Amino acid sequence: MASDVHQRVEEILREIPPHITVVAAAKGASAERVREAIDAGIQVIGQNYFSEARRVRAQLPQQVTWHFLGRLRSHDIRPTNLELFDVLQSVDSLRLAERVSSRCVASGRTMHLLLEVNSAREPQKGGLMPENVEGVLRSVALLPHVRVTGLMTIGPLTSSTEEYRQVFSEVRRLFEHVRTLDLPGARLETLSMGMSDSYRVAIDEGATMVRLGTRIFGPRNA
């Protein structure tokens, strides 16, 4: 009998168009439940904490892509942490990007980055204000050994579909604008927005990637 995780993933992959990348946001999920998601067809795993990613990855032989989703802080940007991930989704300053770049230059690898946008302008959240994204992007795109591949936003703290729609639409327009800049060091293909309570609206508004935690793994205390 398929597990609850396996069944949820199968339902999600039937629902969501194949051109949308589904990131299984595995915050708090055991390695066994992450394995079940992978076995059901998930190809991208997201983690919020470096220590948790290290523990879970050590138990998973499957070849998948790993994305860092949590708040990125300067002291976290160390080679032993960066080696755990293929993409950092929450870069929200030139300073952080410069630090990632310097660490990647030393190790000889290239890291893919998404610039996080504080789409609802909420002071308690990280992310660049929308009006600052282009300037930071132009600078980050010049750094060696990092490549900006898109934008990410968490969206507002709300249960209102229309509030989600408003901010997701704004970020989509911003994404379309910065794609026209054709900057070296940037390949803007990913618009990561929408989580378990908002992914349908995000897809309607142009997301190419959604990050699903509860929808896949159930409530965090389950």
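Rings of Phe, Tyr and Trp (its six-membered ring) are taken to pair if their centres lie within 6.5 Å, and a pair counts as edge-to-face when the planes are over 60 degrees apart. By this criterion the structure, which is a predicted model, holds 4 aromatic pairs. One of them joins Phe 50 and Phe 85, whose ring centres are 5.6 Å apart and whose planes stand at 80 degrees, an edge-to-face arrangement. Phe 50 belongs to helix H3 (residues 50-57), whereas Phe 85 sits in the loop between helix H4 (79-82) and strand S4 (87-91), so the pair ties together parts that are 35 residues apart in sequence. Phe 50 is buried, at a relative accessible area of 7%, and Phe 85 is buried at 1%. Phe 85 also pairs with Phe 68; here the centres are 5.4 Å apart and the planes lie at 75 degrees, so this pair is edge-to-face. This pair likewise links distant parts of the chain, with Phe 68 in strand S3 (residues 65-68) and Phe 85 in the loop between H4 and S4, 17 residues apart. Both Phe 68 and Phe 85 are buried.

The overall fold was examined next. The secondary structure comprises 9 helices and 8 strands. The radius of gyration is 17 Å, close to the 17 Å given by the globule rule for 222 residues, so the protein is as compact as a globular protein of that length. The C-alpha trace spans about 50 × 45 × 30 Å along its principal axes. Buried residues account for 52% of the 222 residues. Of the contacts between residues at least 6 apart in sequence, 60% join residues at least 24 apart.

The largest nonpolar core has 69 residues, and Leu 88 and Ile 216 have the most contacts inside it. Helix H7 supplies the largest share of this core, 7 residues. A second, separate core consists of 5 residues, among them Val 23, Ala 25, Leu 69 and Met 209. When residues up to four places away in sequence are not counted, Ile 216 touches Val 5, Arg 8, Val 9, Ile 12, Val 22, Ala 24, Ala 37 and Ile 42.

Helix H6 (residues 133-140) has four listed residues in the interior: Val 133, Val 136, Leu 137 and Val 140 are its buried residues. Viewed down the axis of H6, these buried residues fall within an arc of 100 degrees, so they line one face of the helix. An α-helix has 3.6 residues a turn, so residues three or four places apart point the same way.

Side chains of opposite charge can pair when their charged atoms come close. The structure holds 15 salt bridges. Asp 4 takes part in a salt bridge with Arg 8, in which the closest N and O atoms are 3.3 Å apart. Both residues, Arg 8 and Asp 4, lie in helix H1 (residues 4-15), and their separation of 4 residues is about one turn of the helix. Asp 4 also forms a salt bridge with Arg 33, with the closest N and O atoms 3.2 Å apart. The latter pair links distant parts of the chain, since Arg 33 is in helix H2 (residues 31-39) and Asp 4 in helix H1, 29 residues apart. Asp 4 counts as partly exposed at 31% relative accessibility, and Arg 33 is partly exposed with a relative accessible area of 24%.

A further salt bridge is made by the side chains of Arg 165 and Asp 204, at 4.0 Å from N to O. Arg 165 lies in helix H7 and Asp 204 in helix H8 (residues 199-204), so that this pair, too, links distant parts of the chain, 39 residues apart. Arg 165 is partly exposed, with a relative accessible area of 24%, whereas Asp 204 counts as exposed at 56% relative accessibility. Through shared partners, salt bridges join Glu 162, Arg 165, Arg 172, Glu 176, Asp 204 and Glu 205 into one network.

Notes: Residues are numbered from 1 along each chain as its sequence is written. This is a predicted model: local features need pLDDT of at least 70, side-chain atom pairs count only at pLDDT 80 or more; totals for chains, interfaces and linings use all residues. Side-chain values use heavy atoms; hydrogens and water are left out. Buried means under 20% relative accessible area, exposed over 50%, partly exposed in between (1.4 Å probe, protein chains only). Helices (H or I, at least four residues) and strands (E, at least two) are DSSP runs, numbered from the N terminus. The arc is that of the directions from the helix axis to the C-beta atoms. A nonpolar core is a set of buried Ala, Val, Leu, Ile, Met, Phe, Trp, Tyr and Cys residues joined through side-chain atoms within 4.5 Å. Contact means heavy atoms within 4.5 Å. Rings of Phe, Tyr and Trp (its six-membered ring) pair if their centres lie within 6.5 Å; planes under 30 degrees apart count as stacked, over 60 as edge-to-face and the rest as tilted. The radius of gyration is taken over C-alpha atoms; the globule rule is 2.2 Å times the number of residues to the power 0.38.
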